[in-house]
Amino acid sequence: MPSTFFRLSSLGLAMGSVLGLAACTDVAKNDGQSHWTGGEGSATLSEPLGSVSFAGGNTLALEVGFGSGATHRSGDPANVFYTVTDRGPNVKCKDSASVIGVADFCGAGNSADKIFPLPAYTPRIYKIRLADDFTPEIVETIALKDAAGQPITGLTNPLTATDTEQAFGPDAAPLDFDPNGLDTEAIAALRDGSFWLADEYGPSLVHVAHDGRIMERVVPVSVAPDLAAASYPVRGGLPDVLKHRKLNRGIESLAVSPDEQFLYLMLQSPLANPDTATYAASRSVRLLKFALADDGGLGALQGTYVYTLDTPQSFADLATATGDLKNGALRKQKDVKVSEMLAVGSDDLIVLERISKVTKLYRVDLATGDRIVSNGITASVADVSVANNESTVDKTLEQLYDPTSAGARPLVKSLVFDSLTDTPAGLELPSKVEGLARLDDDYLLLINDNDFGIEGAATVATVLEIGARLSAEATRSRRITLTPRGRHATGQYDQSAAEISAYAAQTHEVLVTNAASGRIDILDASDPDRLPKVAELELATDIADPLLGSVNSVAAHGSLVAAAIERGDGQGNAKQGRGLVAFYDLPSRSLLKTVTVGALPDMLTFTPDGRRLLVACEGEPNDAYSVDPEGSVALIAIDDGLPADTAVELGFGDFNAGGPRAAELPEAVRVFGPGASVAQDLEPEYIAVAEDSASAWVVLQENNALAEIDLEQERITRISALGFKDHGQAGNALDASDRDNVDGLDGTVLRNGRAKIHLRTWTPVRGMYQPDGIASYRVDGRDYVLTANEGDSRDYAGFSEEARLADVLADGYGLSAGLAAAQGEADLGRLKFTTTRGAASGEWQTLYAFGARSFSVRDAAGNLLFDSGDDFERLTAGRLGQDFNASNDKAPDSKKNDRSGAKGPEPEALAVGEVDGRRYAFIGLERVSGIMVYDITAPRSPQFVQYFNDRDFSKDPSTEDAGDVGPEGMTFVDAAHSPSGRPLLIVANEVSGSTRVYEIE
């Protein structure tokens, strides 16, 4: 992987002269190669611009900034590509002290404008040839010129329709605005020799002839009059809304379809529409598609699409402190931007998304998003503010929590490359990658913007062998849908009549726990459109144990069915005795045996190879908290389809104080039950098993922890604390109150009339992840763990950790200044939090809320890689409006029909499955109901795909009319085992007592 450095003699451009070095248009000596043969590697491009001295300050040695954009022209040899510079060297006035050694260089207090060391610099296009040994050669330098052939500058424009900035020279004198000035940021080459460039100032599209003459500049409609004095044609042909681009965040990327029928552009960032606060918070970037005329000129707008930016967390690895971090913390949402784009097909695009150090390439198909157009009579969300479900006031596209609810469904993204994880050994991408060019079917070139070497950075062109990924079927972006098929209703409501489901592939039967009745219902799924009940497993009758309690879980493997059953202890405590696992032969419906396990077996699962059954035994205390059994995990061996008579029980006694492994228990693991040992306090809730059946992970929900088990050694490997979610961080907002229907809040009033939709960040609030559902999957030989972060508290007669601020104030505690200012019921006064942490010196300083209202992806060691942030509340606010955060067991107009002050939508159920080669997570929202679907093929960068909810919120959830309410358990059935040949999702709904089959397409 060679790396080559070249330095060319100074072009003497301090006064703006233009000298083309090795200007040669004959590339035939390259032997017309059509495939890149140099392999992977990098070349350092360096061309001095000379030195500039500043009045009273430093002298800067400047270099050409080649890499603001890159392209490869169809028909050129694979080793030839074009790049474009931006406006030229510039320094922020606010950085004058650190960069040029003079504070307030632009005048006292001026932090908004720019210093131009080379005011006469001309933006230019470079044609570069790269030899197989990565020696670069400038074939041609094309300076941008006006209609008369005179070089233009990169100085700022005289704009009034949108904002601009004052330019200052190296002598600190203000410079005149230049209507010809361009800040070019992207390039696309047409076969006729012309180019399209993107400009940030206008923002603009610029059509440039082969010799650099500007044929036309196209700007937003109201910006055109500001540029009437330009010495080249200017036309107002872009939607006027684009004038709301944040200054220096204009059009950053361009692509031309392979048939040159269409031109695509993207903004670098969300529009500041209507203000900069919106730009800073929004994740919605506009992608526009234009027709191209036969002469390459710009035709009519074909549509606008929404591209959703990733959150900053996916650009860093906190566990290893790598990637885009600032002072060890995640960057801000506004730091995420789009920097380049290319088309691999008509409406099939590759988008370069980055912060600084980390570069990601996403593939998007425009067919996966809504095409937003105005029909000439009625304006669309692309043009104006629109009415919405989230608020009583109209919102712009950038302000919407959920663009889908306004007819602007975002594009589905498919990750192609992530420099944080995919960069080949021996190569390192530079910061600020802004250009990409596809050299041939196999190789892609990326190049960075070095900011003209002001801070010493070099321009590096890197060639990677990832071209095949760009158009491979596996990376095609797609949108799956859930289609409701068969449904079985028990007619029992809010009685856990359908809680956990399992699927028996051999018989195409669905098994569903009917907890209160002590049975398992067997449903025939051979026709997914029908789901009749065909049999029951009568556990209570078959076992005939007077201490037997509820059936909590069911699992199936081959012809074997296992059910977890709680038992009393004979002392009046219904769940504190040792539990049972009942094994049945499914074809004969006969009980094979029972195996005794720990107290309160809450969930069980077979390993994928069928050699073991794992049981999470929660060991929950009684209501008086006078009896608290130890939590444990039971392992039951399965030999040739027959379960062992006894279980191996893994307890946590070694982690007790004074125990041999006490030092291994992280301090942040919550051990807080009154008088409880570690072994008593840890409560296993749910289990996920690795695909190779060698490892398992166990959620310790109340403890906010995760235990890993080595199944071969039958040993608990480690216990990991899951940490706390910072609800003061952008992207982690929550609605904290069920009593905030007050003046001054613009959110939609909820159906019960007592609250409004009001999502915001809260600095003194942390969320305890406390997952319920958990699943695992494997990518490239690595295991990942998914969690549905429901949250759970201990709330018993003998001990309760739940409180609201009024409760702790009544106990004589004080509040920190931040909490004191937010103690009203419309703020944090109604939020439930734990009394076990957050107070110091008699004062509450931080509120630790139950759950994180999200789902997460973690590595095998429990390190957080991704969290869905505030997606669930934002998306449900947009889709549900007045039914936001509704409860699953309250009448629509009940004053308690709002879970904002508790755990919000309560993600609980979780399933993982593969559909057409991609992996998806399905997350059930227990309270508000419905299913969230995410593409998790890239574990660090999951993408939201769909939210489905068929509940009728106008009906009482304790009636059949309400539909499916309270998803508690999910089972994914892959296409190979589905009776229809298509993947299925089976959902058991606890409150409605119904089981639903969805077909996935």
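Reader: Is tyrosine 625 buried or exposed?

Author: Buried means under 20% relative accessible area, exposed over 50%, and partly exposed in between, with a 1.4 Å probe and protein chains only. Tyrosine 625 counts as buried because its relative accessibility is 9%. This is a predicted model, in which local features need pLDDT of at least 70, side-chain atom pairs count only at pLDDT 80 or more, and totals for chains, interfaces and linings use all residues. Residues are numbered from 1 along each chain as its sequence is written, and side-chain values use heavy atoms, with hydrogens and water left out.

Reader: Where is the place of tyrosine 625?

Author: Helices (H or I, at least four residues) and strands (E, at least two) are DSSP runs, numbered from the N terminus. Tyrosine 625 is in the loop between strand E42 (612-617) and strand E43 (632-639). Its phi is near 60 degrees, a positive value in a residue other than glycine.

Reader: What is the phi of aspartate 494?

Author: Aspartate 494 has a positive phi, near 55 degrees. This residue lies in the loop between strand E32 (482-489) and strand E33 (501-504). With a relative accessible area of 46%, aspartate 494 is partly exposed.
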